[in-house]
Amino acid sequence: MGTTRWRGMHVHLLGPLHVEVDGRVLDVSTWKSKRAVTLLKYLVARAGERVPRDVLVDLLWPDSEDGYKSTHNLHTVVYYLRRTLEPELRRYEDPRFLRHVHGKYWIDTNAPVWTDIEEFRRLIRQAEAVRSEDGRQSLTLYQRALALYRDDFCPEDLYEDWAVPFRERFRDLYFRATLHTAQLLVDVEGNFSDTIGLCRSALDRDPYREELHQALIGYLVKAGRYGEAAIQYRTCKRLLNEEFGLNPSPATRALFDAMKHEIM
């Protein structure tokens, strides 16, 4: 007995762009209009917000001084994107995904649209809501959220100004979720091994986050892995000094001093 295909659009932005429509994977690398790719990512990231035409024109043609031509070009890009997402869309038929009314454009969140960024945020909100009451359920929700974070938001758009605020927002959510997950792994399961591995993985993404170094040093000490904790402290000190000319904070130094007193 066959399975019914899910009808709708899936978009993954945490990591390289991945798009599926009605079970059909779209190879965005072959799209003739790269601006259509940018438009899709931008509107998906705005999560149903109605974006004025002028904002999209500035996004796609920042140096253009011909407003009429840019507006015409935007219509062309929108047409291309709609036909790519819905190749069977008939003339005058309302599109399911990319909507347009009174000079504003948006991805219709009332349509069957799933995005990893919205699911990521939803899972974290749920995890935070139950953290104090049901640690195990909170841990499960955090772990599901972290599994969605394949990489930073739109890593292929590293130098695009529009993507920077989104990227920083999701990175902050990821690191906050990592710290909460680590604490729950210890509190709920007494699992120092996975906790330490989780902190190390997060530091691979950003080796200059001192709160991650603090957490990792603390868990290594609690696990009795004093040598690794000392190495981690020295690594933290070296990185902060080389990159920012700073020393570890008093809180980080206090962890190291407490460990030295403990093992003396």
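Visitor: Is Cys-199 buried or exposed?
Guide: In this predicted model, Cys-199 is buried, with a relative accessible area of 0%.

Visitor: And Cys-236, buried or exposed?
Guide: Cys-236 counts as buried, at 1% relative accessibility.

Visitor: How many disulfides are there?
Guide: The count comes to zero disulfides. Cys-199 is in none, and the nearest cysteine sulfur, that of Cys-236, is 13 Å away. Likewise, Cys-236 is in no disulfide, its nearest cysteine sulfur being that of Cys-199.

Visitor: Changing topic: at what angle do H5 and H6 pack?
Guide: Helix H5, residues 135–148, packs on helix H6, residues 163–189, at an angle of about 140°. The axes of H5 and H6 are 9 Å apart.

Visitor: What is their relative orientation called, then?
Guide: H5 and H6 are oblique to each other, because angles count as roughly antiparallel when over 145 degrees and this one is about 140°.

Visitor: Is the crossing left-handed or right-handed?
Guide: H5 passes H6 in a left-handed crossing.

Visitor: Which residues in H5 meet H6?
Guide: They are Gly-135, Arg-136, Ser-138, Leu-139, Tyr-142, Gln-143 and Leu-146. Among their partners in H6 are Tyr-174, Ala-177, His-180, Leu-184 and Glu-189.

Visitor: How do the residues of that contact divide into nonpolar, polar and charged?
Guide: The contact of H5 with H6 has eight nonpolar, six polar and two charged residues.

Note on methods
Residues numbered from 1 in each chain as written. Predicted model: local features only at pLDDT ≥ 70, side-chain atom pairs only at ≥ 80, totals over all residues. Heavy atoms only, no water. Disulfide = S-S within 2.5 Å. Buried < 20%, exposed > 50% of the residue type's maximum accessible area, 1.4 Å probe, protein only. Axes fitted to C-alpha atoms, helices over the stretch in contact; angles between N-to-C directions. Helix = DSSP H or I, 4+ residues; strand = E, 2+ residues; numbered from the N terminus. Parallel < 35°, antiparallel > 145°, perpendicular 65-115°, else oblique. Left-handed = near helix turned anticlockwise from the far one by under 90°. Contact = heavy atoms within 4.5 Å. Nonpolar A, V, L, I, M, F, W, Y, C, P; charged D, E, K, R; others polar.
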